[in-house]
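I opened a new notebook page for this protein today.

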Amino acid sequence: MSAPESAPVSEASAPPDAAAGGNRRALAVVIAIVFIDLLGFGVVIPILPFYVRSFGVSDVFIGFLAASYSIMQFLFAPILGRLSDQRGRRPVIMLSLVGSVLAWTVFGLAGEMDVLFGTTLAVATLFASRMLAGAMGGNIATAQAYIADITPPQRRAGALGLIGASFSLGFIFGPAIGGLMASEPVVAAARDVFPAAIPATRFSLPSFTAAALSLISLVFAFVFLREPDRQRAPAGSSTTTLVTQFRDALSDDNLRGLVVSFFIVSVAFSGIQVMFIPFAADIYGYGETETALFLTYIGLLGTLNQGVVVGQLARRYSEAKLAVVGATGLMLSLAFLPFSPEIGQLLPPVGGPAWFTQELLALMLVGALLSFGNGMLNVSLSTLVSTSASAEKQGNAFGVTQGAGSLGRTIGPPAMAALYVLTYWSPFVVGAVLIVPVIYVLASVARRPRTTSQ
């Protein structure tokens, strides 16, 4: 049997209110670390496709670059999750942040590799940096396990929802910062300040900014993040392989359906992630500015849903029921999205400025349903994973499910892109159909007697 980790004397002897206050502070610290790190990821989003194109290679490399990140995350997330169970949450989070600093720094140097050694090595540098970032991308699973350690089961959905809110906030503010860092005035100012050895371009500055944000997050973790009190996994489990971890999860009646659900949802949702901007351009005639504004709207809704709404609903309803509601909302929004112009024609005329059309209103309503469904499903699934795994295997469980999601994000994007080329509505409709068995699995979970691992 595993033994509980010894609590510090000050906390072991502290009254319940003091312990609760310490956990609230720990929750705030880990959420801040995740937010700063994700903010850095968001910074690079606007420049990544153009960075690839600057080397004169095919756009297909953009897809390969995304797949390289996801496949490495698939391979390493379970490993980092298991290490966090054995060695501690804090060291794994810090290791991941060190990897992020290195990855973004190398990413920003790819342009110099092109000048010095040619395009092949430059593109290889891009891939190496994204693969390192993917391998170190298990910090989200470890952060989820950390939250599971310090929050009681009945409050866990609300706490895990803050991770989703951090994602949304990072994708709201990160791209804006990235666009600013890539602007000509900022690049010109940086060239005047930086020494000649440090490249200052519209691609390197956002990359270095992301590295700096990850470094800030690392320092913040070093200074303020404490190791939570929890049970550690037995030392002998260090020989567990990736295949064994997935086999064990799939043989566990409580986890099997959840792991498969994570995979299917990731494949289905990739239709939105990969093909929404082409859809908005082809069907609505939107350019970069219009699509960026709409994505900001979705991000704001995501922050509200995952940071507030989920936590409130979780106090009244079980996480399994919320997961069913979220999956149903996601399925309907995926099915409605490609037909939002036609749905708009059925709505009554809208007033206001000329650009605010019935078609746009329909898209905003479908987008609101999408944000609600996706947020509700993601948080509820994460909570179900936590309450289905034993206390000493929280990191392993989150690592396996994140790995399943990464595998889905590796397979889904090229498949959904190919479907879009055939028929623009097909990736969204196929994604909706894929969610149907997930609803069935979650409904089965909701019918079980409610139990927790704590």
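My entries below go from the whole chain to single places.

**Entry 1: the whole chain**

I noted at the start that this is a predicted model. I looked up the secondary structure and found 19 helices and zero strands. Next I checked burial. Of the 454 residues, 51% count as buried. The protein exposes about 20000 Å². Carbon and sulfur atoms supply 69% of that area.

Residues 24 or more positions apart account for 83% of them.

**Entry 2: confidence**

I looked up the mean pLDDT, and it is 79. A pLDDT of 70 or more is reached by 85% of the residues. Residues 1-15 are another matter, as their pLDDT stays under 50. For this stretch the model has 20 contacts beyond four places in sequence.

**Entry 3: Phe76**

Phe76 sits in helix α4, which covers residues 60-87. Ala135 is 59 residues away from Phe76 in sequence, yet their C-alpha atoms are separated by 5.2 Å.

**Entry 4: the second largest pocket**

I moved on to open spaces. The second largest pocket holds about 480 Å³ of space. It is lined by 20 residues, and those closest to its centre are Leu27, Thr151, Arg155, Gly158 and Ala159.

Which helices each supply at least two lining residues? I found α2 (16-44), α9 (153-181) and α14 (288-314). Helix α9 gives the most, with seven residues. I sorted the lining by type and got nine nonpolar, seven polar and four charged residues.

**Entry 5: the cavity**

How many cavities of 30 Å³ or more does the structure hold? I found one. The largest cavity has about 30 Å³ of space. I listed its lining: Val52, Phe55, Val57, Phe61, Leu65, Val123, Leu126 and Phe127. By type, the lining has eight nonpolar residues, no polar and no charged ones.

Helix α4, the one that carries Phe76, came up again here. Both α4 and α7 (119-135) supply at least two residues of this lining. The largest share comes from α7, with three residues.

Methods:
Residues are numbered from 1 along each chain as its sequence is written. This is a predicted model: local features need pLDDT of at least 70, side-chain atom pairs count only at pLDDT 80 or more; totals for chains, interfaces and linings use all residues. Side-chain values use heavy atoms; hydrogens and water are left out. Helices (H or I, at least four residues) and strands (E, at least two) are DSSP runs, numbered from the N terminus. Buried means under 20% relative accessible area, exposed over 50%, partly exposed in between (1.4 Å probe, protein chains only). Contact means heavy atoms within 4.5 Å. Accessible areas come from the Shrake-Rupley method with a 1.4 Å probe; for residues, only the protein chains shown count as cover. pLDDT is the predictor's confidence in each residue, from 0 to 100. On a 1 Å grid over the protein atoms alone, a cavity is a set of points where a 1.4 Å probe fits but cannot get out, and a pocket is an open set with protein on both sides within 12 Å along at least five of seven lines; lining residues have an atom within 4 Å of a point. Grid points are joined across faces, edges and corners, and a volume is the space filled by probe spheres set on the points. Ala, Val, Leu, Ile, Met, Phe, Trp, Tyr, Cys and Pro count as nonpolar, Asp, Glu, Lys and Arg as charged, and the others, Gly among them, as polar.
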